Amino acid sequence: MSSLASHFAGGRDYLAACTLGLPSRATVRAIRADLDAAASGRPDVAAATRAVEDARAAYARLVRSPVGEVAIASQTSVMVSLIAASVPDGAEVLCPEGDFASLVAPFARAGRGIRLRTAPLADLADAVSTDTWLVAFSLVQSATGEVADAAGIAAAAARAGARTLCDLTQAAGWLPVDATLFDATVCHAYKWLCCPRGVGFLTVRPDFARSLRPVQAGWYSGDDPWSSCYGTGDTLAADARRFDVSPAWQAFVGAAPALELFADADITASYAHATGLAARFRAGLGLAQPARPSAIVTWPDATGDALAQLAAHGITASGRAGRARVAFHVFNDDADVDRALRALGTAVPAAAVPAAAPVALSYSI
């Protein structure tokens, strides 16, 4: 990971990639150059537009999706709302208990008799029924770091004739991802992909895309955006670009180099690195290793004492749902594990924990 780590100026004592990724050196340079050009009266809209398409192409490579099936977005809830708007009246949507609100709330608020049902993540595949129209779940849970049995869930949905929507926000960047395994995926790229906030992506299979209404259509969803600026927006793009929202240009200027960095990296090595550090940290705390390795480690911390101990030692972590949460990414190393364990008053393991086996893109881990 030394080659990837060298692209970041920071990372020591930062164990919060699951909250907010750090900008790469290239991202900082790109945004500064864009700001300098704008401040001097020479904003480069053409360059920003190219950055949008570079970011789209890099993300498509990263998640193994055809670029024509990738739409750009701003936030997870915006993308999920697009899909919620096309759920048939009275249909059932199945979600894991306690999943992130941006994935669940749009269905809960959609009205039209749409029925939201939840089940424990471990039982989600078994909970799919012939009444289920859509199964929506995060590949990696935000509050616990648990990695879903995506292959099992997708297979159960296929047997029942249900669609699948998978949120990749807490996965893309450290876990090998194949977006084509699902009918649709969403991802806000400001976490593990280290992009500025306001850069998100929707992937959607063509057969599913045909059932979705482009209710957020604007000038950028046109086949030629610069000819779609007025009136009804002229002809919508024939591919997933018809679901595009107008891009936050400066955010995409910073996102393009970050996404290219991760798309070009060896994701299997990133996975082994991140999960290996997390496994070593779990061993130090005496926590059980999960069935499917995760780069996120959480443990009960209702009083916030653990977070306070980490903060007192200059370590940035986070807390969610009454649990302390740390995350290990490409810019972290064994020293971060050791320092966090010492901050918590725990002895550092003498021997390294074996790294996780490479994960198959079918998620059969």
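Predicted model: local features only at pLDDT ≥ 70, side-chain atom pairs only at ≥ 80, totals over all residues.
Reader: Moving on to helix 7, which of its residues are buried?

Author: In helix 7, which spans residues 150-160, the buried residues are Ala 150, Ile 153, Ala 154, Ala 156, Ala 157 and Ala 160. They lie on the same side of helix 7, because they cover an arc of only 165 degrees around the axis.

Reader: And what is on the other side of helix 7, and what covers the buried residues?

Author: On the other side of helix 7, Ala 158 and Arg 159 are exposed. The buried residues of helix 7 are covered by elements that include helix 6 (124-127), strand 4 (132-138) and strand 5 (163-167).

Reader: What about helix 5, which of its residues are buried and what do they pack against?

Author: Helix 5 (residues 101-108) has Ser 102, Leu 103, Val 104, Pro 106 and Phe 107 as buried residues. The buried residues of helix 5 pack against helix 4 (76-84), strand 2 (92-96), strand 3 (115-119), strand 4 and strand 5.

Reader: Now for pairs of helices: at what angle do helix 2 and helix 9 pack?

Author: Helix 2 (residues 25-39) and helix 9 pack at an angle of about 150 degrees, and their axes are 8 Å apart. The two helices are therefore roughly antiparallel to each other, and helix 2 passes helix 9 in a right-handed crossing.

Reader: Which residues meet there?

Author: From helix 2, Ala 26, Thr 27, Ala 30, Ile 31, Asp 34 and Leu 35 meet Gln 250, Val 253, Gly 254, Pro 257 and Ala 258 in helix 9.

Reader: How do helix 10 and helix 12 pack?

Author: Helix 10 (residues 267-285) packs with helix 12 (residues 334-343) at an angle of about 20 degrees, with the axes 10 Å apart. That makes helix 10 roughly parallel to helix 12, because angles under 35 degrees count as roughly parallel. Their crossing is right-handed, and among the residues that meet are Phe 281 and Leu 285 in helix 10 and Val 337 and Leu 341 in helix 12.

Reader: Last one: where does Thr 203 lie, and what does it touch?

Author: Thr 203 lies in strand 7 (residues 200-204), and it counts as buried because its relative accessibility is 3%. The side chains of Thr 203 and Thr 185 are joined by a polar contact of 2.5 Å. Not counting residues up to four places away in sequence, Thr 203 touches several residues, including Tyr 59, Val 63, Glu 69, Ala 179 and Asp 183.

Methods
Residues numbered from 1 in each chain as written. Heavy atoms only, no water. Buried < 20%, exposed > 50% of the residue type's maximum accessible area, 1.4 Å probe, protein only. Helix = DSSP H or I, 4+ residues; strand = E, 2+ residues; numbered from the N terminus. Arc of directions from axis to C-beta. Contact = heavy atoms within 4.5 Å. Polar contact = N/O pair within 3.5 Å; in protein donor to acceptor, adjacent residues only side chain to side chain. Axes fitted to C-alpha atoms, helices over the stretch in contact; angles between N-to-C directions. Parallel < 35°, antiparallel > 145°, perpendicular 65-115°, else oblique. Left-handed = near helix turned anticlockwise from the far one by under 90°.
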